[in-house]
Amino acid sequence: MVGAGGIGCELLKTLALSGFRDIHIIDMDTIEVSNLNRQFLFRQHHVGQSKAKVARDAVLRFRPHINITPYHSNVKDPQFNVDFFKQFNVVLNGLDNLDARRHVNRLCLAAEVPLVESGTTGFLGQVTVHVKGKTECYECQPKPTPKTYPVCTITSTPSKFVHCIVWAKDLLFAKLFGDKNQDNDLNVHSGDGNSQSEHAQDVFVRNPHEDLEQYGRRIYDHVFGYNIEVALTNEETWKNRQRPRPVYINDLLPDKLVHRNGYSEDCKTEDLTPSAMSSLNLKNPQDVWSLAENSRIFLESLRLFFEKREKDIGCLTFDKDDQLAVEFVTAAANIRASSFGIPLHSLFEAKGIAGNIVHAVATTNAIIAGLIVIEAIKVLQNDFENYRMTYCLEHPSRKMLLMPVQPFEANKSCYVCSETPLLLEVNTNTAKLRDVVERIVKAKLGMNLPMVMVGSTLVFEDGDDLDKDLAANYALNLDKVLSGLPAPVRSGTVLCLEDLQQELVCNINIKHREEFDEEKEPDGMVLSGWTTPSEKGKEVAVSNGETKAVASVSSSEADGDEVETTPAVPSKKRKMPKPERSETATENDDKPQTRPSRNLSDKKSLQEIKDNDDDDDIIVLDDNPETSKRKRIH
Ligand SMILES: Nc1ncnc2c1ncn2[C@@H]1O[C@H](COP(=O)(O)OP(=O)(O)OP(=O)(O)O)[C@@H](O)[C@H]1O
Ligand SMILES: [Zn+2]
């Protein structure tokens, strides 16, 4: 088992009660108070201890004679190599992030161990089975990427609260407390010339003799006052939009914060984590603060960052579990929202949006854990015919909340489980090797410790145990443009990537391209070749052959880096599920959740599926339903 969190606790209990006698469990985390509402193997006195170890002890209390081996470690650690994975009959994932899931997928493929993968988001959940040579792997289908917003909406023309949140955490928070060298679009688009952005660069630096309140007030006036004035000069922008209103601190808080009621220098925040809410005596996170209160929180949280957390400044990124960061972002987003005539939100709501939080539902985790065990048993019995991927829906579909679907066959162009090369369009004269390694090899391809080869020349290798000279040489290469490497990379060159831990090799054909669209191709390079086109709305095939889309997390307004779990539901493509139980094909008394799929709204294909409702075949739908083929995979 990988992961001993929400799904993991349920899973370990159900495995133990179902007769599994030798279980290894990996989890890198310690128990937090916020886990206790659903991770029922843990109690308050366990807070701070290893999840894997406490989960083991809790289960041994009611199943003392089974073996449970806990590892308080990251599954990406080198000790969990292919040989380690080979000792298991089946691997069960109860993870919460794509990165770890992809890594485990690769190790399972390399070790040839079946993987049962799972995820939940609120009421939605899914369990999928991945067996090399039999079904698709976890990465055969591209995963939905987190929602992004056009830069100019965030910097200049927000119309929803989420735009203000993204501005507050990704631009302002990052500018004030994050890496000083990062690219940051703050202000760049709010003025009409470079001089504005130059001015903006300076304003964020604290003057030597400026006290923290003066500094906070200056930042406040700059971002909520001056920048809005500058933006207003661009008449074109506001022709068909409501004009924003500049906000200045003296209009709201003419007196210094220290002189105002509700704030005292000596309030007892010393031993607690610094919090602007507690120092200003604002207690309820569900209250929507006034503009003045938001302004006070803004100044106070900024002061607390500099006073109490100075060592963090310069390397912070927004973290939903960092109270002070949430307070700052809530206040900044609300002040901006007020300026743009957007309704203000409480800290609780703002935190949910900023952290992309979908509240976990314990029952969904329990259901999903049960389904994992059912699939694990089938895998152990080699009952391939009966493997199912199961989706847990929010609303019944044909009176069913659980929707079983036969597994899909592998995607022949999946770079993880097949050897199909990828294509990278890149400007080989301007892009550095570092850009390719960071943006493509690590971020897009999920390699953990990659090696990059051009022909037989190794140009980069990652790892802590490298020889010093070699490491220095690779560091030099990282800063070279592709065409300037010791083995130059140009159009037609093949880059060979290898991750020894994941035992993954992947070739990339390089195609030189001069120009990239900043908005649409922000990486400045485009990787293609493995994805099958998937539709934006995710669709689920239901058991009578109809297809419906389920509301999924990515349709939520929230923006975020990582969705807690990602139930990827099958997109249009591939094949239809085998009906699990026969129901009258015409019955459909629940409201359609969203539009029917393009493919299956086609009457002809619907009819075709109904006709096949009760046979055991798997139907493969090509892009054009007219040419749909039926294909047996076993
Ligand atoms: N790379 C990894 N190696 C080992 N364990 C991991 C890794 N990534 C995630 N996990 C574990 O997977 C579990 C996922 O559980 P869950 O989704 O309930 O998240 P959580 O962190 O417990 O809760 P929340 O995110 O809501 O605070 C966590 O316990 C986490 O430690
Ligand atoms: Zn694959």
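Colleague: Why is Cys152 called partly exposed?

Modeller: Cys152 has 15 C-beta neighbours inside 10 Å. A residue is buried with 20 or more other C-beta atoms within 10 Å of its own, exposed with 12 or fewer, and partly exposed in between, with C-beta atoms placed from the backbone. The count of 15 falls in between, so Cys152 counts as partly exposed. This is a predicted model, where local features need pLDDT of at least 70, side-chain atom pairs count only at pLDDT 80 or more, and totals for chains, interfaces and linings use all residues. Residues are numbered from 1 along each chain as its sequence is written, while chains are lettered from A and ligands numbered from 1 in the order in which they are written.

Colleague: Where is Cys152 found, and which feature does UniProt place there?

Modeller: Cys152 is in helix H5, residues 151–155. Helices (H or I, at least four residues) and strands (E, at least two) are DSSP runs, numbered from the N terminus. The "active site" label at Cys152 comes from UniProt, from an unreviewed entry. UniProt positions use the numbering used here, feature names are shortened, and annotations may be inferred rather than shown by experiment.

Colleague: What makes Asn356 buried?

Modeller: Asn356 has 21 C-beta neighbours inside 10 Å, so it counts as buried. Asn356 sits in the loop between helix H14 (347–354) and helix H15 (362–380). Its C-alpha is 8.6 Å from that of Lys320, 36 residues apart in sequence.

Colleague: And how is Thr317 classed, buried or partly exposed?

Modeller: Partly exposed, because Thr317 has 15 other C-beta atoms within 10 Å. Thr317 lies in the loop between helix H12 (291–308) and helix H13 (323–339).

Colleague: What joins E11 to E12?

Modeller: E11 (residues 494–499) and E12 pair in the antiparallel sense over 6 bridges. Cys496 stands opposite Asn507 in E12. The two strands form a hairpin with 4 residues between them, and Glu503 in the turn has a positive phi of about 50°.

Colleague: Which residues come nearest to ligand 1?

Modeller: Gly3, Gly5, Gly6, Asp29 and Asp96, out of 22 around ligand 1. A residue is near a molecule or strand if its C-beta atom, placed from the backbone, lies within 6 Å of it.

Terms used:
Two strands pair if DSSP finds at least two bridges between them.
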